Amino acid sequence: MPTYAALINLMNRIMNTILEVKNLSMNFGGLRALNHLDLNVVEGEIAAVIGPNGAGKTTFFNCITGIYNPTEGEILISPPGKKRKKINGLKPNRITKKGMARTFQNIRLFSNMTVLENVMIGRHCRTSSGIVSAILRGRSTIKEEKDVVDFSYNILKKTGISHLVNEFAKNLPYGAQRRLEIARAMATEPFLLLLDEPAAGMNPQETRELDELITRLRDEDNISILMIEHDMKLVMSLSDRIFVMDYGRKIAQGTPGDIINNPVVIKAYLGEDIDA
Amino acid sequence: MGGLRLKKFRIQLMIKAQEIKKSFLVSIWFMFLTFPIMVIRVNPIEEVIEWRWKNMLIVGIGSFLLSFVWRYMLKKREAGEKRAETGESGKTFLIQRILEERRFYIPLVTGLTIIAVAFPFTFSMYQTSIMTTALMYIVLGLGLNIVVGLAGLLDLGYVAFYAVGAYSYALLNYHFGLGFWSVLPIGAVLGFIFGVLLGFPVLRLRGDYLAIVTLGFGEIIRLVLENWNEFSFGPSGIANIDRPGFFGIQFSLQAASIYLYFLMIGLVIFTIIVVNRLQNSRIGRAWIALREDETACQAMGIDKTKTKLRAFALGATWAGMVGVIFAAKTTFINPASFTFLESAMILSIVVLGGMGSILGVIIGALILILLPEYLRAFSDYRMLIFGAIMVIMMVFRPQGIIANIRRTYKFDE
């Protein structure tokens, strides 16, 4: 339907789509983990991907961040003010440099580095000094290093863990580790932040603080957020749009209000109602 | 009250009795183990067997007493681990504390400088030569520390790059008469190139697989040198390599060894400065991140390929340089100097000293290289004591003599 495609195109131009996933499939041997998935994220929104365990949410994240090379489909990004680009098959570090940063479901911090150093790693792709300049330590290298430290410290302040700056990452309490993961991703100056279950294992108090942090990141730093999350309260209060996945397919999408009443979603989560 | 105290005393006594029983068993076990070498001695001249029961008694008493010390140390270590787990271990190692305080730091450095300068003039040429060797291993250790300690890539073939450096000086000197100073940078560059050459095929590997491939690479280099007679003169090696000169001046043997000593001191200082700057730089942090978590490291925008290659190449550069110096020092090289044992030795220096810690590697090198020399007094038991010390070190301080400390930053706000 050409008219439909034209309409989508027009809407994209108005709404400024920054991530477009078209017809994405991922096979592991005979297992199809993602099945013709379509998804898009609009600039400035908080979008959530939900679904039962094993629905393929993390596989989806791994595909768009370059850890897996998808079997089929297209992943397109259009960073604000830049051209639209296809990022299929790029290495994770290239994708991060293009402005999509992620956190991990099972925390993957650099445990024997300090909190500040963890964030400073995020600055790696935005800085350039090499071996020779590190050895000579010229004026520009010293300045770059100072900028990295200041930038990283500001991010720590923003994420509320600046008091832990010189602690080893492994000694941090759980909630702070989750925050540090977000801080580290923020240091790469992304336009789209991908959060893989940011509230997993958090208590209600920590979850509330996380809610507030994510909103603040969107509003103050002008970044868009795509997250996988199981905590429905958090998803409903935060997200502008929700995508629901099951068995590698997208089974529904819409505002929290739409999703909560969608019979397909209820079926996926709770199973078929016998009476119906 | 009295009864309670008596009960407590009784329990203590029981524990004591148990410990004594344990130690007793240990001492019997040791007496049994050492029986063939300590007690029996065949005297081939008089054709009799000497039974040295006194030795057995010494072993028994010695191991009995030492087992108490051993258990005490183990307990202490466990207590330390518990403290570290609960996160309340404010106690850092003594040397670390000294290094952090400026008022200790300056006299310490001055003292070391004086000792380093006075050393070759107070001690014999033999001592100076041993110390030069130890200094060479410090640099090798620091070079391997980049690869293993910082980037976490287990390299068992490090000696290959050392051989590359040594042979590049020996061959260039033999064929073209090139001098030490002109070959030193060439050796470094060749080391770098070989580092990249090895780096490329092993980029996809990690952990055990990487270790085996590097081990193979080290053996390949050695076997090529051993068998390619036209190129490297095979097992007979290359002799009469020139000692380093100083603007065309050739030294006497004594002066040359002092000259080499100071040259090594210079190289050690240079290496310390470079490695220290590197490990707190953008590249150094990327190496550590690579060691800690490869996937996360890549997801944070670090090019894994480049980072690994840099580590390999830079580590190899240092080995190449020391190789040139080694050839100049011994004036004779053959493939026998570049066996796997050498790689293992350098790796032990890094692991024993403390992975990623400069000071640790220095102390590790001094211990591992000087100890066997000074243990010569114990002749036969030299390597036994050496091995025992390594085992004890790893049991009680698996993180190395000095664990790596990360730089801390201060902020006003």
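Two residues count as in contact here if their C-beta atoms, placed from the backbone, lie within 7 Å. All the views below come from a predicted model.

**Figure 1. Where chain B meets chain A.** On the chain B side, 27 residues are in contact with 35 residues of chain A. Four helices of chain B each put in at least two residues: helix 10 (253-279), helix 11 (282-292), helix 12 (294-299) and helix 13 (304-330). Helix 11 gives the most, with seven residues. As for the make-up of the chain B side, it splits into 13 nonpolar residues, eight charged and six polar.

**Figure 2. A look along helix 10 of chain B.** This helix runs for 27 residues and spans 38 Å from its first C-alpha to its last, close to the 39 Å expected at 1.5 Å a residue. Its buried residues start with B:Leu260, B:Tyr261, B:Leu263, B:Met264 and B:Leu267, and go on through B:Thr271, B:Val274, B:Val275, B:Leu278 and B:Gln279. Helix 10 is also one of the helices that supply at least two residues to the side of chain B touching chain A.

**Figure 3. Inside the largest nonpolar core.** The core holds 166 residues, and those touching the most other members come from both chains: A:Val115 and A:Leu192 on one side, with B:Tyr162, B:Ala163, B:Ala166, B:Ala289 and B:Val322 on the other. Zoom in on B:Tyr162 and, once its neighbours within four places in sequence are set aside, its contacts are B:Leu140, B:Ala319, B:Val322, B:Gly323 and B:Phe338. In soluble globular proteins, nonpolar side chains tend to be buried together.

**Figure 4. Out at A:Val132.** This residue sits in helix 5 (residues 131-136) of chain A. A:Val132 has 10 other C-beta atoms within 10 Å, so it counts as exposed, the cut-off for that being 12 or fewer.

**Figure 5. Stepping back to chain A.** The chain is built from 11 helices and 10 strands. Its C-alpha atoms fill a box of roughly 70 × 45 × 40 Å along the principal axes. A compact globule of 276 residues would have a radius of gyration near 19 Å, and chain A, at 20 Å, agrees with that. Of those 276 residues, 43% count as buried. Among contacts in chain A with a separation of 6 or more, 68% join residues 24 or more positions apart.

Key: Residues numbered from 1 in each chain as written. Chains lettered and ligands numbered in written order. Predicted model: local features only at pLDDT ≥ 70, side-chain atom pairs only at ≥ 80, totals over all residues. Nonpolar A, V, L, I, M, F, W, Y, C, P; charged D, E, K, R; others polar. Core = buried A, V, L, I, M, F, W, Y, C linked by C-beta atoms within 7 Å. Buried ≥ 20, exposed ≤ 12 C-beta atoms within 10 Å, placed from the backbone. Expected span 1.5 Å × (residues − 1). Rg over C-alpha atoms; globule rule 2.2 N^0.38 Å.
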